Amino acid sequence: ICVIFESRPESAVQIASLAVKSGNALILKGGKEAAHSNAKIAELIRMGLAAAGYPEDAVQLVSTRDEITGLLDLSQYIDLIIPRGGNALVKSITDRTRIPVLGHADGICSVFVDKAADVAMARDIVVDAKAQYPAVCNAAEKVLIHRALLEAGAAPGSALYTIVEGLLEAGVEIRADEAALAALAATRGDLDVKYPGKIVAATEADFATEFLELTIAMRIVDSLEDAVAEINALGSHHTDCIVTADEAAAAAFQGAVDSANVYHNCSTRFADGFRYGFGAEVGVSTTRTHSRGPVGLDGLLIYKYVAVGRGHTVTPFAKGDVQFTHKNLA
């Protein structure tokens, strides 16, 4: 396995642990900004392997871009590449190799506030998903609000006002569509005074942007179906959430949204290998392969079918003399 990561040199420890535990040799390539840390961590990992009786070359570190260019051609030796970084890194790797690539390009995660949502719950989830730690791939970048929630207006205590106020209190800039701005027009005066410049008009590009900061795009949608269509078209298939008390609506959303993690009434920030009980992760995959979502130990394993017979041959089965039972013999 070859793992290329742009930052967070401590992730090399998790990655190496999972690789060794799953029986995979590992090539690491860290970002140049942490070159010294990467080198020392790799040295310590190799020392630990040797002390435990494992081949220290099971984990190796490369440091230059030229070395990575050469590795991308070694499909006979490398089974999987996992890039951990921004869209530019993932696209660059994917475009330059025939080796399977496991990972995700962006984290454009959405929270859909359904017409049957509990308002206080919706506020808490949206604020947590955006503001708890905005610079990560499972932070929400977009909030979609069902138009039916505007029927009660946008006065203090309404769904729209409550969500907007919660985001502003957390220091978030809201890039709102025309419908949201129009609904807030009569009641946002006090919010503009308290949080000047924090509610602005969105551009269409904002709804397909990974901000990685205290900024969120807000759109009013006519239906659950429109929310699903928006998420599937402009999202990144990472993590998306519906807030609703309607179990049927939640089931429809979770069945229709094509993302690695689809939640009902909980923050997108739960999309994490440690929080899933994996212990560690090598990254998050949005690909449609054997491993999707946070990739832990199981995601680094592949299938092998082992057959044990007593001189069995296919001929009697092909002739129909013997039938397959397909029963579990264990």
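Let me begin with an open sheet of seven strands, with parallel pairing and the order β8-β7-β9-β6-β5-β10-β11. Its edge strands are β8 and β11 (261-264), each of which pairs on one side only. On average, neighbouring strands here are turned by 20 degrees against each other, direction ignored.

Before going on, the ground rules. This is a predicted model, in which local features need pLDDT of at least 70 and side-chain atom pairs count only at pLDDT 80 or more, while totals for chains, interfaces and linings use all residues. Residues are numbered from 1 along each chain as its sequence is written, and side-chain values use heavy atoms, with hydrogens and water left out.

Helices (H or I, at least four residues) and strands (E, at least two) are DSSP runs, numbered from the N terminus. Two strands pair if DSSP finds at least two bridges between them. In general, strands of a sheet pair through backbone hydrogen bonds, either parallel or antiparallel.

Back to the sheet. Strand β7 (residues 173-176) is joined by four bridges to strand β9 (residues 215-221), and Glu173 has Thr215 as its bridge partner in β9. Three bridges link β7 to strand β8 (residues 199-201), again parallel; here Arg175 is partnered by Val200 in β8.

Further along, β5 and β10 pair in the parallel sense over four bridges, with Phe112 opposite Ile242 in β10. Helix α9 packs on this sheet, touching β5, β6, β9 and β10, and its direction makes about 160 degrees with that of β6. Helix α5 (residues 119-131) lies across β5, β6 (140-146), β9 and β10, at about 170 degrees to β5. Contact means heavy atoms within 4.5 Å. Axes are lines fitted to C-alpha atoms, for helices over the stretch in contact, and angles run from 0 to 180 degrees between N-to-C directions.

The next sheet is also open and parallel, with four strands in the order β3-β2-β1-β4. Its edge strands, pairing on one side only, are β3 (59-62) and β4 (81-84). Strand β2 (residues 26-29) pairs with β3 over four bridges, and Leu28 has Leu61 as its partner in β3. Helix α2 (residues 35-51) packs on this sheet, touching β1 (2-5) and β3.

Now the rings. How many aromatic pairs does the structure hold? There are three. Rings of Phe, Tyr and Trp (its six-membered ring) pair if their centres lie within 6.5 Å; planes under 30 degrees apart count as stacked, over 60 as edge-to-face and the rest as tilted. One of the pairs is Phe112 with Phe253: the centres are 6.1 Å apart and the planes at 20 degrees, so this pair is stacked. Phe112 lies in strand β5 (residues 109-113) and Phe253 in helix α10 (residues 247-256), so the pair ties together parts that are 141 residues apart in sequence. Both Phe112 and Phe253 are buried, where buried means under 20% relative accessible area, exposed over 50% and partly exposed in between (1.4 Å probe, protein chains only).

Last, His238, in the loop between α9 (224-234) and β10 (239-243). Is His238 buried or exposed? It counts as buried, because its relative accessibility is 0%. Not counting residues up to four places away in sequence, His238 touches residues including His104, Cys137 and Asn261.
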